[in-house]
Amino acid sequence: MTQHVAVLGTGKIGEALLSGMIRAGWAPADLLVTARRPERAEELRTRYGVTPVSNEEAAKTADTLILTVKPQDMGALLDELAPHVPADRLVISGAAGIPTSFFEERLTTGTPVVRVMTNTPALVDEAMSVISAGSHATAAHLAHAEEIFGAVGKTLRVPESQQDACTALSGSGPAYFFYLVEAMTDAGILLGLPRDKAHDLIVQSAIGAATMLRDSGEHPVKLRENVTSPAGTTINAIRELENHGVRAALIAALEAARDRSRELASGSKD
């Protein structure tokens, strides 16, 4: 049976999801999109062969609705959708910090809702998407969400109570690595390297380290120890990182991200 999937509010992540689904074998004719600007909708039609529709039409015709608008816009979107979403529609939320109960309270009683926190590496099919079930979502609904988001990377099921922590680690996680690369590039320039060479050295080192973490099966402490020889360069660098409280700062930063995710869930915009 043909399954129609609608992506509502198709920004960068929504477009990455669309293109990944098409590469994974989904037929463009089965994919619907909504966009705030008509020219954006036409751009998606031209690029991917998908069908632009209104939010109301998407709610009435699609089997699965993927809501990718910003958290602050979700309430207004649900107000628009609620009269048109029957209880057998699967609703997937990609909005940070918003619990499934927020959707269940505004939609027809019994509507299955799945919460997904993905991240920007979806743009290169290396996303980490964390999936949680609402109170009416079944194992089949979770499997369908995994099929969709598996097109752009890896998926992981967690209890919804862990979503804020996952948002702090993987949802925001790429930004921390970009920040670190930026700082290391500046250090390379300070040490006398041209910016482009410093960048290439750091990026390839990051790719190699990530691949080792993924494929070796070794604990990160063991991998770090393999690089850290007695009285060598690496241990001197690590001493400075510890002296400056980098480990404690990272823990505090992730706690702050988790707390902000909780604030978003409670409706705080400050």
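Student: Which residues does UniProt list for the catalytic N-terminal domain?

Tutor: Please bear in mind that this is a predicted model. An unreviewed UniProt entry lists residues 5-97 as "domain: Pyrroline-5-carboxylate reductase catalytic N-terminal". In the model, that span is 41% helix and 19% strand, and its end C-alpha atoms lie 23 Å apart.

Student: Is Arg115 buried or exposed?

Tutor: One compares the relative accessible area with a cut-off, and buried means under 20%. Arg115, at 5%, is therefore buried. The residue belongs to strand 6.

Student: With which side chain does that of Arg115 make a polar contact?

Tutor: The partner is the side chain of Glu160, at 3.1 Å. Beyond its neighbours within four places in sequence, Arg115 is in contact with several residues, including Ser93, Gly97, Val130, Ser132, Gln163 and Ser261.

Student: Where does Asp125 lie, and what is its phi?

Tutor: Asp125 is found in the loop that joins strand 6 (113-117) to strand 7 (127-133). Its phi is positive, about 60°, although the residue is not a glycine. With a relative accessible area of 28%, Asp125 is partly exposed.

Student: What is the phi of Ala231, and is this residue buried or exposed?

Tutor: Ala231 is not a glycine either, yet its phi is positive, at about 55°. The loop in question runs between helix 10 (220-227) and helix 11 (233-243). Exposed means over 50% relative accessible area, and Ala231, at 78%, is therefore exposed.

Terms used:
Residues numbered from 1 in each chain as written. Predicted model: local features only at pLDDT ≥ 70, side-chain atom pairs only at ≥ 80, totals over all residues. Heavy atoms only, no water. UniProt positions renumbered as here; feature names shortened; annotations may be inferred. Helix = DSSP H or I, 4+ residues; strand = E, 2+ residues; numbered from the N terminus. Buried < 20%, exposed > 50% of the residue type's maximum accessible area, 1.4 Å probe, protein only. Polar contact = N/O pair within 3.5 Å; in protein donor to acceptor, adjacent residues only side chain to side chain. Contact = heavy atoms within 4.5 Å.
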